[in-house]
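Subject: Structure for your review

Dear colleague,

Please find below the structure that I am handing over to you.

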Amino acid sequence: MHRRLFPRALAALVLVATAATAGAPTATAEAPTPAQTRLHATIDAVLADSRLDGAQAGVVVVDTATGRTLYDRNSNRRLVPASNTKLLTSTAAMELLGPGHRFTTDVSADGPRRAGLLSGDLYLRGGGDPTMLAADYDRLAGQVAAAGVRVVTGDLVADDTRYDRSRLGPDWTWDDEPYYYAAQVSALTVAPDTDYDAGTVIVNATPGARAGARPKISMTPDNGWLRIDNRAETVAGGETTISIEREHGGNTVVVTGQIAVGQATESDWVTVWEPTGYAADVFRSALRRHGVRVLGRTVLGTATPDSARPLARHDSMPLSDLMVPFLKLSNNGHAEVLTKELGRVLSGSGSWSAGLTAIGEYVGDAGMDTGTLRQRDGSGLSRRNLIPPAQFVTLLSAVRAEPWFDTWYAALPVAGNADRFVGGTLRSRMAGTAAANNVHAKTGSLTGASGLSGYVTDADGRLLAFSIVLNNYLTSSVKGLEDQIAIALATYTEKETATARRTVPTAPDSPRVPEGRECSWVKPVRC
């Protein structure tokens, strides 16, 4: 494995600065300034909110220039970080794969060719690309046709062997499995749109022309891999209650409920069972459109032989560009693909275990104490992930020295910026405050677990690294409390002013986290 030793001096500085015992806020080695005393009082007041009664809270704030800890409460307590886990996965990918890394999907032929006839099999080989759209498979089919192939006497073989056969994280809850944020992971897959939720299909329900008719159901992309069981009804008026659910263990999507005449189309993202077959189905249809007939079956999971000759190829966007939809929209599928890709590239094994080993070695080199944490997946969907807030701040401080830092920093969600691909999961938070267009941070949301870790520039121009991880609360959301702390940091100043007071900043209302759902805050439906 290629590994670069991270500057140990910086890592040691951050580790010393963030070391603290569990419990109440601890004083820094130097006596706190009046400004720090006010900051402590402000954050303490936020954490005293009744919504955190009986809960656990870990908060740490560090000046990245000096390594001085400005606030610390329970920073070494292991907590469930939710999607803050993506900070480890994304930084390891940027360093170990490199910003220019691309995923390749190709098509090759095994057998003699003459006069448009391929007497053998056609191989579609997946390279793990989570951004492959139906249009990309159509272009691959066009290249095959342009190469002169018209009839394939053998099979269409879908090669997903770059990664192992484990499709779902071992700790993911079974009731998440139909939803877009828990899609199965395969080296050969399809994304339905440019949010790039690979392994999902958008199911659309449009009301019928009259009451009593079945709604019209369509899929994006159109495919024959999923089967629709339409039990819904069009009604004359009233509330729309369309439900779109894929049954466990197969690809039957059951549509129930009602939709009123004249109402807008209702859409939902559902995962597919076995993404490799989904990709092969989309590609086979594209071949047919381009006049290429495959006479044999579709075969899944067989490796492309060395003797096969290339016909077509598609390269993904570079990893530096993929960071934007990955981090802005908190895309779980991207995190898991990158984890398996790290394993494949660095050790030859496209598995979660190999990828997590690579991530652990990188963040350890960056100064994180890996003996204090546990990472079980790339995305944070597992509730067995346990990471102390102090370790996030160690990583956040350390990666500022990386040559790819500016690209990665820009890919983090930005508070209060309404553009989905700028604000991302923070686009509706902290708008109109000092934190807006200032805080760059990774969000995290599971029922009873929430996190916000990243950077904020304070009123004196210092770049602060912070981590807020909240667990075991019973209220629907504690996002507003995270926002209050971030706003307090954005307005923090060491200067004595007439208006300096121990006031708790207010924060605009944040979206409510649906119970039991990991939420990205960007889907128009079921987030």
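I begin with a hairpin. In this predicted model, strands S21 and S22 form a hairpin with 5 residues between the strands, and glycine 461 in that hairpin takes a positive phi near 90°. S21 covers residues 449–457 and runs antiparallel to S22, to which it is joined by 9 bridges. One of the pairs across these two strands is glycine 454 with its bridge partner in S22, phenylalanine 466.

S22 has a further neighbour. Strand S1 (residues 56–63) is also antiparallel to S22, and 8 bridges join the two. Here valine 61 is the residue that stands opposite phenylalanine 466.

How many residues of S22 are buried? Strand S22, residues 463–471, has 9 of its 9 residues buried. In a regular strand, side chains alternate between the two faces of the sheet. In S22, Leu463, Ala465, Ser467, Val469 and Asn471 point one way, while Leu464, Phe466, Ile468 and Leu470 point the other way, and the residues of both sets are buried.

For the chain as a whole, the model contains 12 helices and 22 strands. The chain has 527 residues, of which 59% count as buried. Among contacts with a separation of 6 or more, 72% are between residues 24 or more positions apart.

Strand S3 (residues 104–110) pairs with strand S6 (residues 121–125) in the antiparallel sense, over 5 bridges. Within that pairing, alanine 109 stands opposite leucine 122 of S6. S6 also runs parallel to S8, with 4 bridges between them. Tyrosine 123 has valine 157 in S8 as its bridge partner.

Two loop residues may be described next. Aspartate 171 is located in the loop between strand S8 (156–159) and S9. Is aspartate 171 buried or exposed? Its relative accessible area is 18%, and because the limit for buried is under 20%, aspartate 171 counts as buried. Leaving aside residues up to four places away in sequence, aspartate 171 touches Arg376, Ser382 and Arg384. With serine 382 there is a polar contact between the two side chains, at 3.0 Å.

Arginine 214 belongs to the loop between strand S9 (200–206) and strand S10 (216–220). Its relative accessibility is 52%, and since exposed means over 50%, arginine 214 counts as exposed. Residues up to four places away in sequence aside, arginine 214 touches Gly208, Asn230, Arg231, Ala232 and Thr234. A polar atom of its side chain lies 3.0 Å from the backbone oxygen of arginine 231. The backbone oxygen of alanine 232 is 2.8 Å from a polar atom of the side chain of arginine 214. Arginine 214 and isoleucine 259 are 45 residues apart in sequence, with 9.4 Å between their C-alpha atoms.

Finally, I turn to the cavities. The model has 3 cavities of 30 Å³ or more. The second largest cavity has a volume of about 60 Å³. Which residues line the second largest cavity? They are Ala183, Gln184, Val185, Ser186, Thr189, Ala198, Gly333 and Val337. This lining divides into 4 nonpolar and 4 polar residues, with no charged residue.

With kind regards

Key. Residues are numbered from 1 along each chain as its sequence is written. This is a predicted model: local features need pLDDT of at least 70, side-chain atom pairs count only at pLDDT 80 or more; totals for chains, interfaces and linings use all residues. Side-chain values use heavy atoms; hydrogens and water are left out. On a 1 Å grid over the protein atoms alone, a cavity is a set of points where a 1.4 Å probe fits but cannot get out, and a pocket is an open set with protein on both sides within 12 Å along at least five of seven lines; lining residues have an atom within 4 Å of a point. Grid points are joined across faces, edges and corners, and a volume is the space filled by probe spheres set on the points. Ala, Val, Leu, Ile, Met, Phe, Trp, Tyr, Cys and Pro count as nonpolar, Asp, Glu, Lys and Arg as charged, and the others, Gly among them, as polar. Buried means under 20% relative accessible area, exposed over 50%, partly exposed in between (1.4 Å probe, protein chains only). Contact means heavy atoms within 4.5 Å. A polar contact is a pair of N or O atoms within 3.5 Å; within protein, one must be able to donate a hydrogen and the other to accept it, and residues adjacent in sequence count only if both atoms are side-chain atoms. Two strands pair if DSSP finds at least two bridges between them.
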